Amino acid sequence: MGVQYETVIGLEVHAELKTNTKIFCSCPTEFGGEANTHVCPVCLGLPGVLPVLNKRVLEFAVRAGLALNCEIASFSKFDRKNYFYPDLPKAYQISQYDLPICKKGYLDIMVDGTSKTIGVTRVHMEEDAGKLLHGGSTITASHYSLVDYNRTGVPLIEIVSEPDMRSADEARAYMEKLKAILEYIDVSDVKMEQGSLRCDANISLRPAGSEKLGTKTEIKNMNSFRSLQRAIEYEVKRQKEILEEGGTIIQETRSWDEEKGITVSMRSKEEAHDYRYFPDPDLVPVIIDPQWVSEIRDSLPELPDARRERLVNEMGLSGYDAGIITGSRALADYFDQVAAQYNEPKTVANWLMGEFLRLLNAGSMEIKDSKIAPANFAALLKLQADGTISGKMAKAVFEEMFETGKDPEAIVREKGMVQISDEDSLAFIIEKVIASNQGSVQDYRAGKEKAIGFLVGQVMKETKGQANPGVVNKLLKQKLDT
Amino acid sequence: MHERREGEINLSLTGLTAHELCELLRNREISSVELTRAHLERINTLEDKIRAFVTVTADLALSQAKETDAKRLRGEELPPLAGIPVALKDNMCTKGIKTTCGSKILYNFIPPYDAAVAEKLNEAGAILVGKCNMDEYAMGSSTENSGFYPTRNPYDFNAVPGGSSGGSAAAVAAGESVIALGSDTGGSIRQPAAFCGVIGLKPTYGAVSRYGLVAYASSLDQIGPFSKDVTDCALALNVIAGHDPKDSTSAPVDVPDYTKFLVNDIKGMKIGMPREYTGQGIDPEVNVCLRQAAARLEELGAVCEEVSLPHTEYALPAYYIIAPAEASSNLARYDGVQYGLRVEGDDIISMYSKTRSQGFGEEVKRRIMLGTYALSSGYYDAYYLKALKVRTLVKQDFDKAFEKYDCLLTPTTPSVAFNFGDKINDPLAMYLSDVCTIPVNLAGIPAMSMPFGMVKGRPVGIQLIGRAFDEGTLLRVGYALEQNSDLTRPRPELKGVM
Amino acid sequence: MRITANDVEHVAKLSRLYLSEEEKENYTQTLNSILEYMEILNRVDTCEVEPTAHVLPLKNVFREDKLHKCLDRELALANAPEEEDGCFKVPRII
């Protein structure tokens with residue numbers, strides 16, 4: 001008798017644009033910096049100041065819209081969103097209400113091997129607010145707060161999706177794709193940990209097959225892709241329980257509590273916001289020249305999906321692998337650089353997805369911080385391919401390269417790690433191992449193929465891992481099969 | 001230099017215009033320090049009664065004057081207003097100098113930057129003598145809404161000087177400053193100019209940078225000069241007009257030399273007189289002065305004809321939706337967080353509410369609430385959007401009239417200055433005193449008030465309205481009238497004070 | 001349209017203004033008479049009329065993405081009613 005519920009998810013994403021200066025004044029957008037040192041009368045909202053639009057913000061917003069397959073408005077304007085909060089110096093945010101710069105776009109995601117298109121309702125420009133530091137452990141426990149206005153006026157684009165996602169996995173895939181796209185077109189650093197990529201989720205449930213949308217809740221405060229996934233899964237479960245018991249969902253904003261793993265209502269006694277939007281009289285409208293849009297479109301780099309296609313078609317990677325490699329521009333670029341010097345794309349891909357990402361993640365590092373030059377990476381793979389070192393050795397050399405940035409030849413030399421493939425050199429040890437492991441020898445001769453593995457292992461032990469296992473295997477078989 | 005007794009120097013120097021004084025300074029007949037001292041002394045004498053200033057910058061003025069004199073002695077080329085005392089309405093930010101907007105909530109605010117016009121006046125060599133009193137946040141028509149004290153009309157101490165730039169108008173009328181700047185959103189330069197018998201010009205919207213002008217209603221506010229005659233008005237406009245990249249609404253047009261329009265010839269010019277500005281509600285004695293002015297203009301060769309601006313009656317209600325709506329948003333930043341008054345509260349909302357309730361006066365609160373209401377959910381279309389549409393109609397009326405006429409002539413105000421207390425308890429009555437000036441702001445076009453006659457000892461002002469960016473025509477017509485009539489340069493008697 | 005005392009209370013809240021009961025009554029009265037006067041606007045037909053949000057036909061006013069000197073922190077904080085550690089200090093946010 002259980003009703004099947006369908007999850008409906010829409011995401012509202014904010015990305016900080018990496019222009020040199022803020023959206024309406026010439027202060028730096030640089031992250032960090034001592035409190036209230038990246039400010040001026042304009043972004044402080046002092047009496048009498050006026051905003052002037054940074055042209056590059058418009059350009060970046062159009063870039064983002066084009067990369068998301070949006071229609072670019074020919075006429076756009078700014079509106080004031082009025083509300084009181086100490087991080088908002090003018091007590092209004094300059095944003096866009098009814099005539100956003102971009103709309104009706106989409107992006108494609110891949111979940112469990114299936115492709116799906118998620119609609120992008122709109123992309124608009126707005127200014128960021130300041131930062132609040134609280135005098136206690138949480139905002140409600142503090143007796144006071146401290147305001148830093150460095151971040152006010154940093155340009156943002158807000159990207160609103162259609163409520164097309166049906167699971168936490170899809171939502172996560174959307175975020176990952178969106179992040180990759182914005183990274184590829186170089187408009188934002190898109191780092192969730194630094195706040196240059198932020199996400200709020202709107203979640204509702206409805207009986208499967210129903211067209212009507214259920215009551216939604218808005219979830220805030222998800223600071224990583226993992227949080228996003230967990231939060232959505234929790235909220236869906238929470239709503240499902242309520243509905244199954246015959247209750248109704250209250251439309252409200254809820255905050256994700258990372259520690260407790262739950263969403264908490266942010267309902268206060270305050271009434272719902274009435275933002276009283278009206279066109280900002282201090283800014284004039286923007287008329288977009290289609291020629292300019294064309295130029296921007298032409299200047300866009302190869303986007304993630306196209307790049308993935310190319311890696312599959314031209315380099316023979318699997319769709320899955322190509323997907324991972326093109327998941328971030330840095331990784332895709334790095335892959336290209338290594339593959340250019342060592343033309344075995346599959347091997348390169350495996351190493352990047354395996355060892356390289358492992359070490360980067362362990363050190364919480366980004367590719368640009370890694371010490372391994374693409375040329376050296378390629379050199380290492382060549383050393384393994386031509387048998388100079390074994391696979392196991394290569395891994396060890398790689399770790400050293402990661403640590404020190406030295407080139408592989410130097411490391412191999414220093415550690416005396418050259419692989420022993422010379423049959424004469426190995427013959428003596430093989431004799432010794434055969435002599436000391438008669439049990440295994442007899443097992444092998446009796447038909448246990450696997451026993452040779454043990455013997456190979458023993459030779460490897462004797463040679464401190466430097467013997468070429470392939471050659472050892474061959475020689476052992478020669479000896480034992482006679 | 002002649003020997004003159006100090007009292008005489010004061011009286012004669014503070015009665016002269018900027019162009020006359022520039023001549024004297026250039027010829028070294030007087031020094032900047034002398035001139036500045038004369039004005040500071042006059043301020044000292046009169047301020048108890050007039051109270052035109054919130055802040056008098058005596059030390060700064062004298063040091064600027066000394067510097068100017070030194071430069072002149074060295075033979076340096078000096079800018080156009082070098083040595084001329086000027087005053088700024090206290091809603092224009094002056095770096096390092098208290099700027100209050102006539103409000104308790106900014107009682108101690110010291111801006112860390114200069115308004116564009118303050119910078120321009122400084123570059124032009126002007127000497128800043130002080131910041132003038134005003135209706136709080138430029139909301140008012142009498143300066144009775146100042147958070148500190150009212151300013152008195154130099155012609156009659158029982159009368160208001162008008163508002164909201166009452167202090168600036170009174171300062172020029174009383175000879176405390178040669179030129180003063182005010183701001184005009186619904187008539188706040190022109191109406192006090194009329195009440196105080198001086199020239200007051202509101203330029204075309206966008207002609208003068210608003211950067212540093214504390215906003216009341218952003219789509220209507222403009223800065224303009226008060227002066228003793230039309231020539232000074234042109235000189236002031238030369239200095240303050242011009243495109244400013246820091247103001248997105250600043251017009252990218254070339255600034256002419258406005259003094260070129262000061263030709264004593266208006267033959268063949270066509271002047272329209274909108275009938276909607278002379279009917280019921282206008283004091284008959286004011287109408288008499290208007291007709292006298294029209295007659296004089298015709299004698300000088302112009303043609304004055306009646307014209308209709310049919311949507312005039314809708315301008316005032318539209319204004320009193322648009323201006324408060326924008327104001328409600330512009331004034332939201334006064335919350336005690338970064339500057340100004342802060343009244344402690346248990347929590348931030350309590351602090352906001354207490355600060356704003358205690359810091360703002362009644363009229364400001366009234367307009368904030370009116371504006372918030374007009375923008376609030378469910379009312380936006382009926383009020384704000386409707387008002388913006390009516391604005392289009394008002395503008396179209398003017399556009400149509402200017403197809404036929406070079407400029408328009410109307411009274412500036414329905415009556416001469418009223419007494420203190422007459423309208424302060426009736427907000428609507430106060431609003432209605434702006435009926436002749438408001439339509440001009442909605443259309444964004446320039447207008448100038450100049451004195452023409454007196455009624456019961458109080459000056460009458462007539463208004464010339466022009467096409468966008470055609471301040472030249474207003475100066476030309478105004479100059480011709482001024483040069484050919486005695487009624488255009490009144491002087492207050494200042495009984496009992498001087 | 002008439003504005004009630006409740007409307008006034010709501011609007012005061014939105015504007016962060018405290019009103020005493022007496023003030024609420026007074027403002028309700030004056031706001032009502034002002035709004036009644038506004039009814040005049042209903043007499044004019046604006047169906048086919050475009051709204052004028054900006055009197056000047058200006059479009060596309062921009063600035064270049066170039067850094068300029070910031071305000072010294074000292075000056076930024078000079079008017080602060082309360083400050084701590086280079087930040088503006090405000091009472092608790094509930």
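Predicted model: local features only at pLDDT ≥ 70, side-chain atom pairs only at ≥ 80, totals over all residues.

Let me start with B:Tyr155, which sits in the loop of chain B between strand S3 (127–132) and helix H6 (166–173). B:Tyr155 counts as buried because 25 C-beta neighbours lie inside 10 Å, and, leaving aside residues up to four places away in sequence, its contacts are B:Cys196, B:Gly197, B:Gly457, B:Arg458, B:Pro459 and B:Pro492.

Turning to where chains B and C meet, the contact involves 55 residues from chain B and 43 residues from chain C. On the chain C side, helix H1 (5–14), helix H2 (21–38) and strand S3 (87–91) each give two or more residues, with H2(C) giving the most, at 7 residues. That side of chain C divides into 32 nonpolar, 7 polar and 4 charged residues.

Finally, chain A has an open sheet of 9 strands with mixed pairing, in the order S3-S7-S8-S11-S1-S12-S13-S14-S15. Strand S3 (71–72) and strand S15 (262–265) of chain A stand at the edges with a single partner strand each, so one side of each has no neighbour in the sheet. Within this sheet, S12 (residues 197–207) and S13 (residues 217–220) of chain A pair in the antiparallel sense over 3 bridges, and A:Ile203 stands opposite A:Thr217 in S13(A). Helix H4 (residues 225–244) of chain A packs on the sheet, its direction making about 25° with that of S12(A).

Conventions. Residues numbered from 1 in each chain as written. Chains lettered and ligands numbered in written order. Helix = DSSP H or I, 4+ residues; strand = E, 2+ residues; numbered from the N terminus. Buried ≥ 20, exposed ≤ 12 C-beta atoms within 10 Å, placed from the backbone. Contact = placed C-beta atoms within 7 Å. Nonpolar A, V, L, I, M, F, W, Y, C, P; charged D, E, K, R; others polar. Pairing = 2+ DSSP bridges. Axes fitted to C-alpha atoms, helices over the stretch in contact; angles between N-to-C directions.
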